[in-house]
Amino acid sequence: MIRQRLSRRDFLQWSSVAAGGMILAGCTPAAAPTDGAAASDSAAVTSDEQITLNVLAENWGELYNGLMTIIGDEYTKEHPNVTVDWNFDPDWQTKLTTLIAAGTPPDCNHIRPGALAVMGRKGVLLDLTDLVTGAGHTRDDFVASIYDSSTYDGKLYALPGGADYICLFYSKDAMRDAGLDPEQPPTTAAELIEQSMQLLQKNASGDIERIGYAPGAGNLVDWTFIHDGRFYDEGSGKITANEEVNVDVLEWMGAYMKELDIDKLAAFNQRPGTYEAGNAFSTKQAAFFFNGFWTFEALDEFSPDIDYGVAFWPTVNGTEEERANYAISGWMYSIPQESAHRDEAWDFINYAFIDQAALMGYKTLNGPCVKAALPDWEAGLRDYMGADNRMVPYLEVFSQTGAAATNFFPVLPIGSYYNDELTRIYDLVMREEVTAQAGLDEVTANVQAELDKAMAG
C-alpha cells in the first residue's frame, strides 16, 4: 500500500497491549453489579446536579481531536448539567491501565480490541451486554465486525464507536492512459492483479515509474479473510495462521511482489503518501490504493484535477455475497468497573454512538457502527463535502462495505504480537527468504506459545 504519513487511520488498532497486561496483573477489580446495571454504588445524581464526565480518548492530532469534542458539546446542549471533559492521550492505553490500577479510572474511555481482551480478562471493565439489550438493541443493529470485536468471552465490554470502511480508490486518468476502461475497476482479486500488470511501468533500470496496486503487509489479513481464511479457532483456542488458504494467499501476494521487485517497490514508496502533496496518486504514478472516505480531504487539497472513483474491495468472484468476508477494524468505548459516574457514562456513550451515531460520524469524520444510521451519515457527509464533491457518488460504497462486513482480527490478549509476527513473516516471504508455509508455521507456533502463556497467567 502507498505509504502515508501517520494519522489516526494508521492501524492504531494494532497498538501494543503488553504494558496494559503488566499493570493490570496487579490490579484487583471491584465486583461487577449482579444485575448488569450501570448504577454506581452511590445514589443516582439528580437531574440538576452538575457532573463532569472524564473521557479518556486516543490522541488523533489537533484537527481530529477538535472534531471529536463536537459530540460532547452536542450532548451537553441536551444535558446542561453534564460537562464532557476530554483527555486526548497519545499513550492512552498505558494511562488507562495505570488509572484503573490506581483506582481512579476515567468515567469512560476509548479502547481497541487488543486492550479490551486484556482488560476484559482481568474483569476491570463493565459488561455492557444487558445495557445494550435493555435499550432494545441486538447485534444485528450494528456493524458486525465492530460489535464482535467489542466482545470477549461472550461479554460486550465496549460499545462500538467508529469504523474504518476501506475501499478501492482508482484513477480513471491512469486507467485511460493504460488503455483500460475507466468505468470498469477490478471486481476480483485476479482482475486487480491483471489490471495492475497493464498499468505497471518500469524504466530501463527496472525502477517503477507507475504502479497499479502496491501491496503491503497490512493487506495480508484482508486478503486472507476475503479468500475465506481465518486466524483463530475460538472453539479450540488454537491459532490457525498456517491453514492452507492462508498459505495460498501469502504465496499469491509473493508472486505479485516478484513481478514488482520488493526493493524497487520500497524505493517507489519513498515518495510522499496519500496525505501529502506530490503523492503518487496525484501525479498519476499510482492507479489504485485502499483507504477510507476521509481521504477526500487530502485528494481535494493535493489532487484537485484527478478523475477518480471508488469501488468495493475486490473479492474472489466479485459477488455481492462475498462482501460478508470483509474485515472491518475500528474503535470502541468502554466503562471501567470503578467509574465514578457509571449511569452518566452509559448515557453519554449511548447518545454518542447509538442514538446519534450518524451525527457523530459526519461531524467527527468517522464511520458509524449502527447500520440504521448509515443513510443519515451519508446525507450529513454530502452536506459537509458539498454536492459536487468527487467523493459524493461513491459514499454508498463505504456504507455498503460496513453493512456487509462480518470479519475482524481475533480479539486476543496477544493480538499485537500476532500482528507483528504476521508482518515480520510477510516481509521475509516477499524477500523469498522463507516459504509461505514455513513462515506461517513459525507464526502459528510462536503466537500459540504466547497465547498459552497469557491464558495461563
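Me: Hi! What should I know about the model before we start?
Reply: The model is predicted, so local features need pLDDT of at least 70 and side-chain atom pairs count only at pLDDT 80 or more, while totals for chains, interfaces and linings use all residues. Residues are numbered from 1 along each chain as its sequence is written, and side-chain values use heavy atoms, with hydrogens and water left out.

Me: Thanks. At what angle do helix 10 and helix 18 pack?
Reply: Helix 10 (residues 244–260) and helix 18 (residues 436–456) pack at about 125°, and their axes are 9 Å apart. Helices here are DSSP runs of H or I with at least four residues, strands are E runs of at least two, and both are numbered from the N terminus. Axes are lines fitted to C-alpha atoms, for helices over the stretch in contact, and angles run from 0 to 180 degrees between N-to-C directions.

Me: And what do you call that arrangement of helix 10 and helix 18?
Reply: Helix 10 and helix 18 are therefore oblique to each other. Under 35 degrees counts as roughly parallel, over 145 as roughly antiparallel, 65 to 115 as roughly perpendicular, and the rest as oblique.

Me: Which residues of helix 10 and helix 18 meet?
Reply: From helix 10, Asn246, Val247, Leu250 and Glu251 meet Ala436, Gln437 and Leu440 of helix 18. Contact means heavy atoms within 4.5 Å.

Me: New topic: how many residues of helix 4 are buried?
Reply: Eight of the ten residues in helix 4 (residues 113–122) are buried, including Pro113, Leu116 and Met119. Buried means under 20% relative accessible area, exposed over 50%, and partly exposed in between, using a 1.4 Å probe and protein chains only. Helix 4 is followed by Gly123, whose phi is positive, near 75°.

Me: What about strand 7, how many of its residues are buried?
Reply: Five of the five residues in strand 7 are buried. Strand 7 (residues 167–171) pairs with strand 12 in the antiparallel sense over four bridges. Two strands pair if DSSP finds at least two bridges between them.

Me: Which residue in strand 12 is the bridge partner of Leu168?
Reply: Leu168 has Phe290 as its bridge partner, and Phe169 stands opposite Phe289. In strand 12 (residues 288–291), Phe288 and Phe290 point one way and Phe289 and Asn291 the other way, and all are buried.

Me: How many bridges join strand 7 to strand 13?
Reply: Four bridges join strand 7 to strand 13 (residues 308–311), and the two run antiparallel. Tyr170 has Gly309 as its bridge partner in strand 13.

Me: Last one: what is the strand order in the open sheet of six strands?
Reply: The order is 2-1-3-14-6-15, with mixed pairing. Strand 2 (82–89) and strand 15 (367–368) stand at the edges with a single partner strand each, so one side of each is left without a neighbour in the sheet. Helix 13 (residues 342–355) packs on the sheet, touching strand 1, strand 2, strand 3, strand 6 (159–164) and strand 14 (329–334).
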